[in-house]
There are 2 protein chains.
Amino acid sequence: MNFLEERIVKDGVVKSGNVLKVDSFLNHQMDIALMEEIGREFKRRFGSKKVDKVMTIEASGIGIAAFVAKEFGVPLVFAKKSKSINIDGDMFVAEVESFTHKNKNQVIVSKRFLHENEHILIIDDFLANGCALQGLISIAESAGAVVEGCGIVIEKGFQIGGRVIRNMGYHVESLAIVDAMDAESGTITFREQ
Amino acid sequence: MNFLEERIVKDGVVKSGNVLKVDSFLNHQMDIALMEEIGREFKRRFGSKKVDKVMTIEASGIGIAAFVAKEFGVPLVFAKKSKSINIDGDMFVAEVESFTHKNKNQVIVSKRFLHENEHILIIDDFLANGCALQGLISIAESAGAVVEGCGIVIEKGFQIGGRVIRNMGYHVESLAIVDAMDAESGTITFREQ
């Protein structure tokens, strides 16, 4: 097990309905030393790529992506979720369905912060059905930017997102891929990588 | 002018209606080197305090607060905005009115991440009418935690929030206090500190 898998086993909580709670260290309370280690690990995995900018989506992606951007020495841009129908022409827009909240959001990034031929590393905390990640990829492609890869902290390997996005040809690196969880026993099965 | 005021003059944009856009370096695209400098500056200003945890509110506060937490070597907890009426008993809740979006949100923090006698440093990007900050203070007080101070990146000195919260006896440090802005000329007047 790597450092993240060990931490998930130690502090993650499996709830019924395939819910994995990691809010004590990742997405409500954040262990900053862990964030720094995640930043260094993504730098190791994507270090051979040209990365001009790191991109993520609010809210819980921001803290993680900030430390990845620090490692690469580049700016971070975070997409915003918006309910408003009237987005002006200055924004790249993608429509994203939330698996957790069962609603649709528009995801927006200002055209001032994504440019043609810019090389982008996308970072997010979770990959499940892949809708948020597809939204971010779609926005980057609209800008004519180059998606160098997608760095995910925890992938739910039993959901379709990772397979869909790898099949589209994108380089996805997930620090932990959960292939199965059992709420009764609390056991988590990670994919061997 | 300090480093932040200089950056605001260089890259901030004054819009009509007393709007100050800093989205090119602070709250949409983030300059990570600036975030680190902000972290060090708050460490300098609050370094004599006992700080067990840094607290902020999603979304744009997270990136800033993460680097403050790094400087203090403590965890970050970020409050979440929720529309749901049914919050279970495991949450501290405050109701917050958004000046920007003209709506009300419930702000929540899990009771697992704030404890009696814990010493809290609250960090946020903007202080205007003070509603978000009052919500965070109210949550910390509900937990029986001790609010050691509030670190704000940009305070709108012509709005009431800063005065209200200082009058309540809290130690507020704002890296830049904007006393006036003129959209036509683009000029920004900072308070001498």
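Met30(A) has Leu76(B) as its bridge partner in S5(B). This is a predicted model: local features need pLDDT of at least 70, side-chain atom pairs count only at pLDDT 80 or more, and totals for chains, interfaces and linings use all residues. Residues are numbered from 1 along each chain as its sequence is written, and chains are lettered from A and ligands numbered from 1 in the order in which they are written.

S3(A) and strand S5 (residues 76-82) of chain B run antiparallel, joined by two bridges. Strands pair if DSSP finds at least two bridges between them. Strands (E, at least two residues) and helices (H or I, at least four) are DSSP runs, numbered from the N terminus.

The contact takes 23 residues from chain A and 23 residues from chain B. Residues are in contact if their C-beta atoms, placed from the backbone, lie within 7 Å. These elements of chain A each give two or more residues to the side that touches chain B:

| Element of chain A | Residues |
|---|---|
| Strand S3 | 29-30 |
| Helix H2 | 32-46 |
| Helix H3 | 61-72 |
| Strand S5 | 76-82 |

H3(A) gives the largest share of that side, five residues.

H3(A) packs on helix H3 (residues 61-72) of chain B at an angle of about 55°, with the axes 8 Å apart. Axes are lines fitted to C-alpha atoms, for helices over the stretch in contact, and angles run from 0 to 180 degrees between N-to-C directions. Ile62(A), Gly63(A) and Ala66(A) in H3(A) meet Ile62(B), Gly63(B) and Ala66(B) in H3(B).

Conventions. Two residues are in contact if their C-beta atoms, placed from the backbone, lie within 7 Å.
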